[in-house]
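Trainee: I would like to go through the terms used for this model and see what each one rests on.
Mentor: Ask about them one at a time.

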Amino acid sequence: MNDIEHYFDWAATSPADKDILQEAMELTLENWGNPSSSHEIGKRARSLLEDARKRAAAAMNVKPEYIYFTSGGTESDQIPLLAVMAKPAKGTVLVSSIEHPAVREQADAMKHCGWNIVQIPANKDGVITPEAVTNLLTNDTMLVCVMAVNNETGNIQPIYEIADAITKATEGKRRPKFHVDCVQAAGKIPLNISYKGIDSAAFSSHKICGPRGIGILYVKDRLEPFLRGGGQEKGVRSGTENVLGAVAFSKCLERYYNADHSAHKVASDSFIEKLSALKGCTVIPESRMNNKDLYSPYVIQAAFDHIPGNVMLRALDSKGFYISTGSACSTKKNNRPVLEAMQVESKYRETSVRFSFGPHTTEKALEELFEAVKEINSTFNK
């Protein structure tokens, strides 16, 4: 059995594209210097790094000077959060209730430093509405964080409407910065991060067939870093640059950032329809069945009566199919804060699993996954 073909945990990590990694490796073996060194070997590495920055920016349709390479999505999410801590006065940070732990846990840690962290409630469909954001804005709000696509349910959040609402609500006043976690959105849905009102955005290479350990932080206006060091990446992210990762990530963005998702959407919609027809299966949120366009076709959450999530995971694993029960960063904690924020009943939280796909997932593989799920489900829900 082909492990990649039957891999349905792309939201945790994606299998890397071998040709891209090999090309990036060859280029960096030839240009192995430190990009900050002033001699010829360093300059060649710097040229490779800056070329990767330009390629990434072109793929994302933004200016190269807005692109900063980081160690991954977590750091790209946390730099804007930590940046507000560099300000002399403490204030309020609004964080959506469905954020990834990279944002949620860092924001919680800021409470101990005297910051007022306010959670933006999601509705039962898992959506953060513009009204939910503006209702919480105060004169001392410095940052608002709302992700583009939820990593557990696939909900596409109205980030452009939220950006407009923040601007309108703060007209004539100091406007808070708006940060968007785009880790599950890049290469999965159309994105316009240069949209007026989006100040920063986080991206991760290993979610779109690139290597681990490299991310991008898009920042429109240079921020004041909380963490200092050697001054690399214009001081925003110090530390010797990961040239290999930057080259590979830029090539992945060229390949996937503006990809056509229509075929995958058709296959995903068919899979959801089949799941919903199974006895004891509930797609989360249930409203997804009537509003599929409001969700990424690559992430599906479903609960199965009488089958704990971990049991379904192990049963599929034994058949050679690989899924998860939620965010890989929260798995060991055995809780489901995103589903709790959506007011999902505990019986569904305990029996829900996540199916996530990618550009290499075939319709045939999805059909085989469904048959395996159907067989397991029939054992518990006769």
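Trainee: What makes Ser96 and Ile120 partners?
Mentor: Ile120 in β3 is the bridge partner of Ser96. This is a predicted model, in which local features need pLDDT of at least 70, side-chain atom pairs count only at pLDDT 80 or more, and totals for chains, interfaces and linings use all residues. Residues are numbered from 1 along each chain as its sequence is written, and side-chain values use heavy atoms, with hydrogens and water left out.

Trainee: Why are strands β2 and β3 called paired?
Mentor: Two strands pair if DSSP finds at least two bridges between them. β2 (residues 92–96) and β3 (residues 116–120) have five bridges, in the parallel sense, so they meet that definition. Strands (E, at least two residues) and helices (H or I, at least four) are DSSP runs, numbered from the N terminus.

Trainee: What connects β2 to β3, and which hand does the crossover have?
Mentor: The chain passes through helix α4 (residues 101–111), and the β-α-β crossover is right-handed. That word applies if, with the strands pointing away from the viewer, the path from the first strand over the helix to the second runs clockwise.

Trainee: Why is Glu75 called partly exposed?
Mentor: Its relative accessibility is 22%. Buried means under 20% relative accessible area, exposed over 50%, and partly exposed in between (1.4 Å probe, protein chains only). The value for Glu75 therefore counts as partly exposed. Glu75 sits in helix α3 (residues 73–84).

Trainee: What makes the link between Glu75 and Arg237 a polar contact?
Mentor: Their side chains are joined at 3.0 Å. A polar contact is a pair of N or O atoms within 3.5 Å; within protein, one must be able to donate a hydrogen and the other to accept it, and residues adjacent in sequence count only if both atoms are side-chain atoms. The side chain of Glu75 also reaches the backbone nitrogen of Ser71, at 2.7 Å.

Trainee: How do you know that the buried residues of α6 line one face?
Mentor: In α6 (residues 159–169), Ile159, Ile162, Ala163, Ala165 and Ile166 are buried. Seen down the helix axis, the buried residues fall within an arc of 165 degrees, so they line one face. The arc is taken from the directions from the helix axis to the C-beta atoms.

Trainee: What covers those buried residues of α6?
Mentor: The cover includes α5 (130–134), β4 (141–145) and β5 (177–181).

How values were computed: Contact means heavy atoms within 4.5 Å.
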